[in-house]
Amino acid sequence: MKKLFFSAAAVLLTTLVVQAQINTRTDTVIAAPVPYTAYGPQFDWSKGYYVAEIKPGTGVYWVTEGSHQVMFMTTGKGVVVVDAPPIFGDKISRAIAEVTKEPVTHLIYTHYHADHIAGAYQFPKGIKIISSEGIKNRLRELQSGQREVPFGTFVGGKPVELPTGTFKNNYVLKVGNKTIELQVLAASHTHSDVAVYLPKEKILNAVDFVWAGWIPFDGLGEAEDLNGYLAVQERLLQFDWDVMVGGHVGRLANRQDVETNITYINDVKNAVMKALQTTDYMAAAKKAGFSNTFLTVETYFDMVAHAASKEVEAKWVGKLAGADVWTYNNCRRMMMWLRLN
Ligand SMILES: [Zn+2]
């Protein structure tokens, strides 16, 4: 009886495990190892963040918790912070207090996405908030009127203060010993992305264009304009810098990371163009039939994205982290873009 109970329990357990494997993709996917080049500095996870000067003696710092990164700088007249991802909670303020006694006086928004600015509530009221007019207009739209849930809710944030100072295309912000050049980039990740450039220190902060050591995030970084997203990579290289704060992942980017990103995106584009030209819609129809139009079209889309991603993965898995995870999605996003634009 006891034995029977144990076998029944074992069967139940096995069933549950198998069920879990069937139901959740992450349990069934065997991912390629993350290349060591994708990792940043090791830090104390119980503390929850890593903070360090980007270049010694510059007073320009970055803080990361492994998946997001923020730049801030001392000026002798107060701290200027670029973005406030809500995932940090109040850890940006804590990181700042760890390295300087200067109060935060300025906050710059690089773009309107909640995952990068909906943690702005942690800073004192009354600080100067700088962004482009495009960002301010978008934030006003996003935070006005009736919404089911407030802006920032789904990324753990809160509604953000609207910028107190805006500019159209370019602005030079001088605070204490820092000169900060702000420049609106062409429509790419969003329709009003701001690059934050420190010419003296040769440091660039440009968010959601390059994931250093990784392929672009799902759907080519959720870029709104894929032509612009490709073109902006070249634009980033036109600034004179050697370290870039990209907004995500656990390490900073160098110029080679941008070059690599351009090559990867072009590989995705070329592979998808080839697959669009060589994949036979009738072959998809033969598999799926004609009675369910959505299924037939879906089968065709899948065949295109699958053929393209197979080619791209063969080159990039083992070189860029996540190549086996999101190349299919990146190809699919590119396919839709090329079909419709
Ligand atoms: Zn974004």
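# Close-up views: figure legends

View A. Glutamate 222 counts as partly exposed, with 15 C-beta neighbours inside 10 Å. This residue belongs to helix H6 of what is a predicted model. Glutamate 222 is not a glycine, yet its phi is positive, at about 55 degrees. Most residues other than glycine have a negative phi. Leucine 220 also has its place in helix H6. The phi of leucine 220 is near 50 degrees, again a positive value in a residue other than glycine. Is leucine 220 buried or exposed? Leucine 220 is buried, because 24 other C-beta atoms lie within 10 Å, and a residue with 20 or more such neighbours counts as buried.

**View B. The side of domain 1 that touches domain 2.** The chain is divided into domain 1, residues 37-253, and domain 2, residues 265-340. Taken over C-alpha atoms, the centres of domain 1 and domain 2 are separated by 33 Å. How many residues of domain 1 are in contact with domain 2? Domain 1 contributes 10 residues, which are in contact with 13 residues of domain 2. Helix H6 (218-222) and helix H7 (226-238) each supply at least two residues of the side of domain 1 that touches domain 2. The largest share of that side, 3 residues, comes from H6. By residue class, the side of domain 1 that touches domain 2 holds 7 nonpolar, 2 polar and 1 charged residues.

**View C. The open sheet of seven strands.** An open sheet is formed by 7 strands in the order S1-S2-S3-S4-S5-S6-S7, and its pairing is mixed. Which strands stand at the edges? The edge strands are strand S1 (50-53) and strand S7 (165-167), each of which pairs on one side only. From one strand to the next, the twist averages 20 degrees. Strand S3 (residues 69-74) pairs with S4 in the antiparallel sense, over 4 bridges. Within this pair, methionine 73 stands opposite valine 80 in S4. Strands of a sheet pair through backbone hydrogen bonds, either parallel or antiparallel.

**View D. Strand S5 and its two partners.** Strand S5 covers residues 104-108 and is mostly covered, with 4 of its 5 residues buried. Strand S4 (residues 79-82) runs parallel to S5, and 4 bridges join the two strands. One point of this pairing is valine 82, which stands opposite isoleucine 108 in S5. S5 also pairs with strand S6 (residues 128-132), in the parallel sense and over 3 bridges. Which residue of S6 is the bridge partner of isoleucine 108? The partner in S6 is isoleucine 130.

**View F. The open sheet of five strands.** Another open sheet is formed by 5 strands in the order S8-S9-S10-S11-S12, with mixed pairing. Why is one side of S8 and of S12 left without a neighbour in the sheet? Strand S8 (170-175) and strand S12 (243-245) stand at the edges and each has a single partner strand, so one side of each has no neighbour in the sheet. The twist in this sheet averages 20 degrees from one strand to the next. S8 and strand S9 (residues 178-184) run antiparallel and are joined by 6 bridges. Leucine 173 has isoleucine 180 as its bridge partner in S9.

**View G. The chain as the setting of the close-ups.** The chain has 11 helices and 12 strands. Along its principal axes, the C-alpha trace spans about 70 × 60 × 45 Å. Of the 341 residues in the chain, 40% are buried. Among contacts between residues at least 6 apart in sequence, 65% join residues at least 24 apart.

Conventions. Residues numbered from 1 in each chain as written. Predicted model: local features only at pLDDT ≥ 70, side-chain atom pairs only at ≥ 80, totals over all residues. Buried ≥ 20, exposed ≤ 12 C-beta atoms within 10 Å, placed from the backbone. Pairing = 2+ DSSP bridges. Domains from an automatic or database assignment. Contact = placed C-beta atoms within 7 Å. Nonpolar A, V, L, I, M, F, W, Y, C, P; charged D, E, K, R; others polar. Axes fitted to C-alpha atoms, helices over the stretch in contact; angles between N-to-C directions.
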